[in-house]
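Hi there,

Here is the structure I promised to pass on to you. Please open it next to this email and follow along as you read.

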Amino acid sequence: MAVVIRLQRVGKKSQPQYRVVAIEKKSAVGSEAKEVLGQYHPCNPDANAQVKLNMPRVEYWMKVGAIPSKTVANLIKKSNAAAK
């Protein structure tokens, strides 16, 4: 079965927070992820603290065939740009 890297919402109403997770492609919305790879807090006023990713694990999952969603791919680019 294919693995994807996508966002999983975990915040309160009007206070969104997301986990970046590696999960089976056909999994239900609330199902358990294989691994939590990071966090995304879009309401955080500090732009540098919005995205926290465990890049070695993200790279591992992409190496074994996991495909990131469009949003997660943008977050990876954003975190790589902030790291430089």
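**What I found**

In β2, I5 has A22 as its bridge partner. Helices (H or I, at least four residues) and strands (E, at least two) are DSSP runs, numbered from the N terminus. Before going on, please note that this is a predicted model, in which local features need pLDDT of at least 70 and side-chain atom pairs count only at pLDDT 80 or more, while totals for chains, interfaces and linings use all residues. Residues are numbered from 1 along each chain as its sequence is written, and side-chain values use heavy atoms, with hydrogens and water left out.

**The sheet**

Let's start with the strands. Two strands pair if DSSP finds at least two bridges between them. β1 and β2 are antiparallel partners, with 7 bridges. β2 (residues 18-24) is in turn joined to β3 (residues 35-40) by 5 bridges, again antiparallel, and here Y18 sits opposite Y40. Y40 also stands opposite V51 in β4, as β3 and β4 (residues 51-53) form an antiparallel pair over 3 bridges. β1 has a parallel pairing with β5 (residues 67-68), made of 2 bridges, where V4 faces I67.

In what order do the strands of the open sheet lie? The order of the 5 strands is β4-β3-β2-β1-β5, and the pairing is mixed. β4 and β5 are the edge strands, each pairing on one side only. Helix α1 packs on this sheet and touches β1, β2, β3, β4 and β5; contact means heavy atoms within 4.5 Å. The direction of α1 makes about 125° with that of β3 (axes are lines fitted to C-alpha atoms, for helices over the stretch in contact, and angles run from 0 to 180 degrees between N-to-C directions).

**The helix on the sheet and the core**

Which residues of α1 are buried? They include M55, V58 and W61, where buried means under 20% relative accessible area, exposed over 50%, and partly exposed in between (1.4 Å probe, protein chains only). Seen down the axis of α1, the buried residues fall within an arc of 125°, so they line one face of the helix; the arc is that of the directions from the helix axis to the C-beta atoms. P56 and K63, on the other side of α1, are exposed. After α1 comes G65, with a positive phi near 115°.

V58 and W61 turn up again in the largest nonpolar core, which has 15 residues. Such a core is a set of buried Ala, Val, Leu, Ile, Met, Phe, Trp, Tyr and Cys residues joined through side-chain atoms within 4.5 Å. Also among the residues with the most contacts inside this core are I5, V20, L37, L53 and I76. Two or more core residues come from each of β1 (3-9), β2, β3, β4, α1 (55-63) and α2 (70-83). As a general point, nonpolar side chains tend to be buried together in soluble globular proteins. If you click on V20, you can look for its contacts beyond four places in sequence, among them I5, L37, L53 and V72.

Next, find Q50 in the loop between β3 and β4. Is Q50 buried or exposed? Q50 is buried, with a relative accessible area of 11%. Its side chain makes a polar contact of 2.8 Å with that of K78 (a pair of N or O atoms within 3.5 Å; within protein, one must be able to donate a hydrogen and the other to accept it, and residues adjacent in sequence count only if both atoms are side-chain atoms). Beyond four places in sequence, Q50 also touches residues including Q39, Y40 and H41.

S79 lies in α2 and counts as buried at 15% relative accessibility. A polar atom of the S79 side chain is 3.0 Å from the backbone oxygen of I76. Leaving aside neighbours within four places, S79 is in contact with V51, L53 and M55.

**Two exposed loop residues**

C43 is also in the loop between β3 and β4, but is exposed at 52% relative accessibility. From K13 to G65, the C-alpha to C-alpha distance is 34 Å, and they are 52 residues apart in sequence.

Enjoy exploring!
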